[in-house]
Amino acid sequence: MSTKAWDRVVLARRADRPKAMDIIPRLFASFYSLAGDRHFGEDKALLAGLGFFEGVPVTILAQSKGRNLEENMQCNFGMLHPEGYRKAHRLALQAEKFNRPIITIIDTAGAYPGEKAEERGQAEAIAANLKLFSTLKVPVIAIVLSEGGSGGALALGVADRVYMMENAIYSILSPEGFASILWKDDSRTEEAAELMECTAEDLLDKRIIDAIIPESSIGFEQDLNYSLEIIRNFIRKDLKYLKKLSAKKRNDLRYKKYRVMGKRL
Amino acid sequence: MNQLFKRRRDRLHRFQDLTKKDKGLKVSKPIDEMAIEVCPQCKQAIHSKELALNLYVCPLCEAHFSLSAHDRILSLVDPKSFKELWAKAKSNGINKFPDYEDKLIKYQDATHLNEAVVCGTAKIAKIKIALAVMDNRFMMGSMGQIVGEKITRLIEYANFHKLPLIIFTASGGARMQEGILSLMQMAKTSAALARFSENNGFYCTVLTHPTTGGVSASFAMLGDIILAEPKALVGFAGRRVIEKTVKEQLPDDFQTSEFLLDKGFIDRIVHRKDLRQTLTDLLLLHQEPQS
């Protein structure tokens, strides 16, 4: 458990680390993917759809990285454009309509920093999700799978429960971006990673996440079922509890969860 | 011509009166009659006095200079109406990030502010409002835990007292030194706004130079009405980062207010001299109709 933060960053970004597309079919039965934001286009960086979790229909919103270059070209290395966030927005409202719980999987270095993304309102798309998810009337559970970078990750991270894989990182910005902003030197990434307090233990310590999902000692990808069983247990337990609460109560608790983050006056 | 000078003189007097009357507020710089400043846009020399009476807009090229939070408030609200809330809140001692404490003290000394946002209540044309003004001289106006907490509190205050809410944004985004807790302020402020919105509260944002990163991707973009000052930089990712990603030079007007207006993300660009009137009009339009 004493792995240096930078080692975690490297581990979290490994190509052979399980991606959303590896996890989803194993966690959810009859996964049926849905596409498009109904305004501009389809963003393959967000793998989204419907499926059964142990017999219960749920909506799944997952940031999707590829396992190789070809897959990564398709899903833009897991970096969403505004239409990706708007697709999540659309499907979250749909989930609310049909009273389906939402499971989000976070795995992105950040929202895509491109000309077209800015043109189509990256900031607005993220802000709209933060606002919507804080008042959604269905249970929301978020899992930080490998990399949770900046507002682009948080846009799928406002939830009743937030879990994080043991070797995932979750931070205000990528270590590269952090070093570049703070020291105008993006070679000091290792130093940045240490300073940023971005490991699962750091986040649990600050109560940003609810629990850490352990990974097998022989490697997350080597024994996927080890972690999946723990994830299943968390989701099962949470859904049972969250569904018992009224929507209002759930919303009040979710509000409070974020309201107390950081120093208070 | 005389008429023009008279109008300018009146405006200067009004500004000076305001600065005298509101003792609680410190003006960033006392106006030195002889001092001269150079406009960063047209490079022309301007008398500081003339600049001040023009609300820090270059009289030659209309460039909008950054305003301190206090100058902004003085130029906008009814005389003596501003009452600051949570003025003493500071980030000092919040964590052990290297050099952070020294930086905070340096900015506090330089700006006479405790943090990068000033919150309070005020009146515009006798209508009571909840008002937050960010000050980008304080660590780029970045949002750490205290900025997020003050803004959230103001939203809750506006919600509780049923006041219209106006926020002037000017920020480089979430504050790096406070890490993930800065990021979470985006969720916190947005959640508070969602509740305010559910209670039909009126929220207007005025985007001023610069509004980027985590602030643009949270409360800045959530206004019922979004206004911006001319040529303000507004966007999510930094220009340098984008140029590195796309490996192309971006157009000059990229991420300006004009660009955002054209792309449909803001309602209107408002010249600083028209802001008070615009906000008055909008506040009146959002009052409960008298039956």
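**A walk through the two chains**

The model is predicted, so local features need a pLDDT of at least 70 and side-chain atom pairs count only at pLDDT 80 or more, while totals for chains, interfaces and linings use all residues. Residues are numbered from 1 along each chain as its sequence is written, and chains are lettered from A and ligands numbered from 1 in the order in which they are written.

A:Glu197 sits in the loop between helix H9 (189-196) and helix H10 (200-205) of chain A. Helices (H or I, at least four residues) and strands (E, at least two) are DSSP runs numbered from the N terminus. The backbone of A:Glu197 has a positive phi of about 55°, although the residue is not a glycine. As background, most residues other than glycine have a negative phi, and most peptide bonds are trans.

Staying in chain A, look at helix H4 (residues 82-97). The 16 residues of H4(A) should span 22 Å at 1.5 Å a residue, and the end C-alpha atoms are 23 Å apart, which agrees. The expected span is 1.5 Å times one less than the number of residues in the helix. Several residues of H4(A) are buried, including A:Tyr85, A:His89, A:Leu91 and A:Ala95. The buried residues of H4(A) pack against strands E1 (29-34), E2 (46-53), E3 (56-63) and E4 (102-108), and also against helices H5 (115-119) and H6 (122-135) of chain A. After H4(A) comes A:Asn99, with a positive phi near 55°.

Now move to chain B, which has ten helices and ten strands. Of its 291 residues, 47% are buried. Two residues are in contact if their C-beta atoms, placed from the backbone, lie within 7 Å. Among contacts in chain B with a separation of 6 or more, 68% join residues 24 or more positions apart.

Where do the two chains meet? In all, 43 residues of chain B are in contact with 40 residues of chain A. On the chain B side, helices H5 (145-161), H6 (179-198), H7 (213-216) and H8 (239-246) each supply at least two residues. H6(B) gives the largest share, 15 residues. Sorted by class, this side of chain B has 26 nonpolar, twelve polar and five charged residues. Ala, Val, Leu, Ile, Met, Phe, Trp, Tyr, Cys and Pro count as nonpolar, Asp, Glu, Lys and Arg as charged, and the others, Gly among them, as polar.

H6(B) also has a partner within chain B. The axes of H5(B) and H6(B) come within 9 Å and cross at roughly 5°. Axes are lines fitted to C-alpha atoms, for helices over the stretch in contact, with angles from 0 to 180 degrees between N-to-C directions. The two helices, H5(B) and H6(B), are therefore roughly parallel to each other, a label given to angles under 35 degrees, while those over 145 are roughly antiparallel, 65 to 115 roughly perpendicular and the rest oblique.

The largest nonpolar core has 155 residues, and those with the most contacts inside it are A:Met164 and B:Leu165. H6(B) provides the largest share of this core, eleven residues. Apart from it lies another core of five residues, among them B:Ala52, B:Leu53, B:Leu55 and B:Tyr56. A nonpolar core is a set of buried Ala, Val, Leu, Ile, Met, Phe, Trp, Tyr and Cys residues joined through C-beta atoms within 7 Å. Leaving aside residues up to four places away in sequence, B:Leu165 touches B:Ala130, B:Ile155, B:Ala158, B:Phe196, B:Gly201, B:Phe202 and B:Tyr203.

B:Tyr56 is buried because 21 other C-beta atoms lie within 10 Å. Another backbone feature is the cis peptide bond from B:His209 to B:Pro210, with omega near -15°. B:Pro210 is found in strand E7 (residues 203-212) of chain B.

We end with two exposed residues. B:Lys244, in helix H8 of chain B, is exposed, with 12 other C-beta atoms within 10 Å. B:Glu248, in the loop between H8 and helix H9 (257-263) of chain B, is exposed, with 10 such atoms within 10 Å.

Terms used
Buried ≥ 20, exposed ≤ 12 C-beta atoms within 10 Å, placed from the backbone.
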